[in-house]
Amino acid sequence: MDVVDLARTQFAVTGSLHFLFVVLTLGLAPLVAIMHTRYAVTGDPLHERMTRFWGQIYVINYALGIFTGLVMEFQFGLSWSGLSRYAGDVFGAPLAIETLVAFFLESTFLGLWIFGWHRLPRALHVTCIWLVTLTAYASAFWIMVANSFLQHPVGSVEQGGRLVLRDFGALLTNPNLVFALPHVISAGLWTGGFVLMGASAYHLFRRTAEREFFTRSLRIGVVTATIGSALTVGFGYAQFGVIEATQPGKFDAAPESALGLMIGIGQLLQFGVMFVLLPLLIRNLLARWRWLHPLLMLITPLPFVAAIAGWLVREMGRQPWLVYGKLSVADAMTPGLSKAAITGSFIGFAGVLGLLALIDYLLIARAVRRGPGQVSLGMPDRPADPVPQPAHSL
Amino acid sequence: MEIIWFGALAVLLLGYFALEGFDIGLGILLPVLGRSQGDRDRLVGAMAPFVLAGEVWLVALVGVLFGAFSTLEGEVLSGLYPLVVALLLTWITRDAGLWFRRRADGAAWRRVWDGAISLGSAGLALTWGMSLVALARGLSAPLLTLEGVGGGIVVALAFCLHGWTFAAWRLPGDPVVRGARRTGRGLALTALAAAIPAGLTVAVVASALIEHAAPPETLTTMGAIVLPCVPILIGAQAWVWRTFSRGPLPTFF
C-alpha cells in the first residue's frame with residue numbers, strides 16, 4: 001500500500017469504528033430520555049429501573065463514541081491538511097459549530113446526567129437527558145452538513161485556488177443532506193430498537209426473574225425498530241434521485257457488494273419487523289414464544305452491519321474525490337506525509353481503538369447479562385469523608 | 001471579527017489548561033496520593049464529574065482552529081504529527097481508565113485501569129508541554145528537543161500542583177492530601193498557574209494566528225450561530241461546578 005492508501009484505510013477504519021458506536025448512541029438517547037420522563041411523571045420504580053439499565057448500556061457505548069470521535073476530528077489535520085487548505089473556510093465552519101454548540105453541550109449535559117442522580121431535582125435531571133438527546137441530534141446534523149458538502153460542494157466558489165463561502169444556507173439545504181440526515185437518524189433508532197430486542201430476548205430465553213421488565217423492553221424495541229426501519233428504507237430509496245443528479249456513476253465507484261448488503265439487510269429486516277414481529281406483540285406472543293428468541297439475538301448485529309455498509313457506499317462512491325469534482329483524495333493528503341508516520345499512527349489508532357472497542361462490547365454484554373438488578377448508574381453516592389470500608393462493599 | 005475568533009481560540013486553550021489541567025494532574029498523582037484502592041476511588045470520584053465538561057474545551061479548540069483558522073489547522077496538526085498522535089493515544093488511554101475502572105469487579109481490573117489513568121495523564125501532560133514548545137519555536141524546528149522535554153516537565157508539574165490543590169479543595173482534610181485544605185481562591189490561583197504555559201504560547205503565536213484567520217464571510221456566519229449560544233455554554237459549565245463542588249462523591253467512574 002502506498003501512503004495515500006494507508007491514510008485512506010486509517011480514516012475508513014477509525015470512521016467505521018466511530019459510527020458503530022455513534023449509531024447506537026443516536027438510537028438509545030431518545031429511548032432513555034422517554035423512559036426517564038415516564039419515571040419522572042409516574043414515579044413508577046419499573047421506569048426508574050429501565051432508565052438506569054438502558055441508560056448504563058447507552059453510557060458504556062458512549063465512551064467509545066468519544067474515543068473514536070477524537071481521532072476523527074484530529075485526523076483531518078494530521079493526514080488531510082490539503083482539505084483544510086483548499087476548503088477549510090467552507091467545510092470547517094459546520095465542524096467548528098458542531099464542536100462548539102453541539103458536542104460541547106452534549107458532553108457537559110451528559111456529565112450532569114450521569115453524575116446527577118440523587119443530586120439534581122428530578123425535573124432538571126430529566127431535562128439533562130433531553131438536552132443530551134437534542135445536542136446529539138444537532139451534532140449529527142452539523143456532521144452531515146459537512147459530509148454532504150464533500151459529496152456535493154454547494155454554497156461556495158473557487159477563488160485563487162481555494163474555496164470561499166458564498167451561501168451558507170445552501171450548505172444547510174444541500175440535496176445530499178435532506179434525505180441522508182433522516183436516513184442516518186432513523187438507522188440509529190432501528191439499531192437501538194434491535195439492541196433492546198436482542199437483550200430482552202436473551203433474558204426471556206434464559207427465563208430470568210425480570211420477565212415484566214424485558215417483556216416491556218422487547219415491546220419498545222419492536223415498535224422503535226418498526227418506525228426506524230421503515231423511515232431508514234424510505235429515506236434510503238429517496239436518495240437515489242439526488243445521487244443520480246449530483247453524483248452520476250456513484251454506484252459504479254462504490255463496491256456493489258456493500259450496496260447490495262445494505263439494501264438486502266434493510267429490506268429483509270424491515271419486512272420481517274413490520275409483518276412478523278410487530279403483529280406478534282398482540283397478547284405478548286413474541287415474549288412468550290421462546291423458540292423465536294435465539295433468532296432475535298442472532299439478528300441484533302445486522303443493523304450495525306448495514307450502517308457500516310451504507311457509509312462505505314457513500315464514501316467510496318465519492319472516489320477519487322475528497323471534495324466531489326474539485327479536490328482529489330491524493331491532492332488533499334498532507335504534503336510530505338511519510339510512510340513511517342502514517343504506518344505508526346495507523347497501527348496506534350487501529351490497535352488501541354480496536355482493543356478498547358472489543359473491551360467495550362464485552363462490558364456491554366456483561367451489563368446485559370447481569371440485568372437490571374446490578375446496575376451501577378444511579379447508585380448512591382459515597383460520603384466524602386474517608387471512612388474505613390470493607391474491601392468488597394459496593 | 002478576526003480578533004473575536006482569536007479571543008475564542010485563546011479562551012478555549014487557556015480554559016482547557018485551567019479546567020482540565022487538574023484532572024490530568026490528579027491522574028498523574030493517583031498512585032502517589034492514592035495508596036489504597038479506597039483512596040484512589042475517592043480521588044477519582046472527586047474529579048469524575050468535571051472530566052466530561054473539561055475535555056470538551058480541547059475538542060472545541062480544534063473545531064475553532066478548523067473553522068476560523070483553516071489554513072493553519074492542517075499545518076499545525078500535521079507539523080506536530082508524532083506529538084498529536086501521542087497526545088490522542090494518551091488522552092484516550094486516560095479516558096478509558098476513567099470509563100472502565102468500575103465496569104467490572106475485581107481488584108486487579110481496577111488497578112490496571114488506574115494505571116491507565118496515571119500513565120495516560122503523564123503522557124498527556126508531557127506531549128502538551130512538548131507541543132507548546134514546538135509551536136512557540138515555529139514548526140520547522142525538530143520536535144524532540146531538550147527544551148521540549150523541559151516544557152513537558154513544566155506542564156506536568158503545573159498540572160500536578162493544580163491537581164493536588166483541587167483534591168485539597170474538594171476533599172478538605174482528607175488523608176489523601178495529608179489533611180490539607182484549600183479554598184476556592186487557592187484553586188483559582190493554581191488554575192492560573194496551569195494556564196500560564198498555554199498563555200505564553202498563545203502570546204508568541206498571536207500575530208501569526210490572526211494573519212491566517214478565515215475570510216470575513218466565514219467568520220461572520222459562524223459568529224451568528226455560535227455567539228447567541230455562548231451564554232448557554234457558560235451556563236452549562238457553571239451548572240457542573242455548582243452541582244459537584246460539594247457533598248458526597250459520585251461512584252460511577
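**Note on helix H16(A) and the A–B contact**

1. The buried residues of H16(A) pack against helix H1 (3-42) and H2 of chain A, together with helix H4 (81-100) of chain B. Helices are DSSP runs (H or I, at least four residues), as are strands (E, at least two), numbered from the N terminus. Contact means C-beta atoms, placed from the backbone, within 7 Å. This is a predicted model: local features need pLDDT of at least 70, side-chain atom pairs count only at pLDDT 80 or more, and totals for chains, interfaces and linings use all residues. Residues are numbered from 1 along each chain as its sequence is written, and chains are lettered from A and ligands numbered from 1 in the order in which they are written.

2. Buried positions in H16(A) include A:Phe346, A:Phe349, A:Leu353 and A:Asp360. Buried means 20 or more other C-beta atoms within 10 Å of the residue's own, all placed from the backbone. A:Gly371 follows H16(A), with a positive phi near 75°.

3. Chain A gives 62 residues to the contact and chain B gives 65 residues. On the side of chain A that touches chain B, H3(A) gives the most, with 25 residues.

4. The largest nonpolar core has 225 residues. Such a core is a set of buried Ala, Val, Leu, Ile, Met, Phe, Trp, Tyr and Cys residues joined through C-beta atoms within 7 Å. H3(A) supplies its largest share, 21 residues.

5. B:Leu88 is among the residues with the most contacts inside that core. Neighbours within four places in sequence aside, B:Leu88 is in contact with A:Leu70, A:Val71 and A:Phe74.

How values were computed. Contact = placed C-beta atoms within 7 Å. Buried ≥ 20, exposed ≤ 12 C-beta atoms within 10 Å, placed from the backbone.
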